[in-house]
Amino acid sequence: MIGKMKIAVFASGSGSNFAAIEEACRNGELNAEIVLMVTNKPEAYVVERAEQAGIPVAAFRPKDFDSKDTYEEAILGALRAAEAEWLVLAGYMRLVGQPLLTAYPSRIVNIHPSLLPSFPGKDAIEQAVEHGVKVTGVTVHLVDEGMDTGPILAQRAVDVVDGDVDKTAEAIHAVEHDLYKETLNSLFSR
Ligand code: GRF
């Protein structure tokens with residue numbers, strides 16, 4: 001049997017995807033181990049979740065650095081020390097720059113709450129509801145230098161519920177948690 005993939009999860013918010021991945025690693029549904037949780041927001045709820053799960057946290061505030069490159073180089077130091085092999089973005093609200101892209105070529109994956117290329121960027125669920133689409137969804141893709149533009153690995157459609165952002169977000173999050181797990185499993189068993 002192949003050993004567990006060492007992953008670092010990047011998150012800036014509530015961390016429900018982090019929690020789903022952490023649980024899947026713990027119960028053996030995902031053949032991976034979270035060696036680090038990286039955040040740009042030390043006050044985010046995901047930090048509490050990581051601490052409760054006993055996952056090491058690397059929290060760096062971009063404004064404490066003189067450039068994006070030095071910020072990412074600090075992250076890289078922590079990733080190397082933790083021996084992370086893949087970077088898994090789960091609500092990480094920053095564009096990934098060259099230091100990380102160069103160190104992890106085609107080994108950074110992101111989840112986005114729309115059927116890309118529709119509704120990239122922030123507030124994708126709000127954008128979809130506002131636009132009046134009846135079906136939106138979830139995309140898992142490899143990360144490149146663009147905003148939600150890298151090669152698509154998996155997608156799943158989700159109906160917009162009653163034209164309502166909160167109800168649709170709930171349906172999307174449930175699908176995200178399953179789709180991320182499945183997609184990571186197939187990536188790691190290639
Ligand atoms: C998810 O909808 C994800 O697709 C997007 O950010 C959100 C993060 O949610 N990139 P959570 O923090 O995992 O609950």
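Is His173 buried, exposed or partly exposed, and what is the relative accessible area of His173? His173 is partly exposed because the relative accessible area of His173 is 32%, where buried means under 20%, exposed over 50% and partly exposed in between, with a 1.4 Å probe and protein chains only. The model is predicted, so local features need pLDDT of at least 70, side-chain atom pairs count only at pLDDT 80 or more, and totals for chains, interfaces and linings use all residues. Residues are numbered from 1 along each chain as its sequence is written, and side-chain values use heavy atoms, with hydrogens and water left out.

His173 lies in helix α6; helices (H or I, at least four residues) and strands (E, at least two) are DSSP runs, numbered from the N terminus. Between the C-alpha atoms of His173 and Gly137 the distance in space is 9.7 Å, and the two are 36 residues apart in sequence. His173 also belongs to the surroundings of the ligand, together with Ser14, Gly15, Ser16, Asn17, Gly91, Ile111, His112, Pro113 and Glu176.

The ligand sits in the largest pocket. A pocket is an open set of points on a 1 Å grid over the protein atoms alone, where a 1.4 Å probe fits, with protein on both sides within 12 Å along at least five of seven lines; a molecule sits in a pocket if more than half of its atoms lie within 2 Å of its grid points. Two or more residues of the shell come from each of α1 (16–26), β5 (108–112) and α6 (165–188).

Polar atoms of three shell residues were examined next. A polar side-chain atom of Glu176 is 2.3 Å from an oxygen atom of the ligand. A polar backbone atom of Asn17 lies 2.8 Å from a ligand oxygen atom, and a nitrogen atom of the ligand is 3.0 Å from a backbone N or O atom of Ile111. Of the 370 Å² of accessible area that the ligand has on its own, the protein covers 86%, by the Shrake-Rupley method with a 1.4 Å probe.

The loop between β5 and α5 (124–131) contains Pro117. The peptide bond from Leu116 to Pro117 is cis, with omega near 10°. Phe119 is found in the loop between β5 and α5, and its phi is near 55°, a positive value in a residue other than glycine. Phe119 is buried, with a relative accessible area of 15%. Asp162, in the loop between β7 (152–159) and α6, has a positive phi near 50° and is exposed, at 62% relative accessible area.

Ser12 lies in the loop between β1 (5–10) and α1 and is buried, with a relative accessible area of 7%. The side chains of Ser12 and Asn40 make a polar contact at 2.7 Å, that is, a pair of N or O atoms within 3.5 Å; within protein, one must be able to donate a hydrogen and the other to accept it, and residues adjacent in sequence count only if both atoms are side-chain atoms.

Notes
Near = heavy atom within 4 Å. 1 Å grid on protein atoms, 1.4 Å probe; cavity = no way out; pocket = protein on both sides within 12 Å on 5 of 7 lines; lining within 4 Å.
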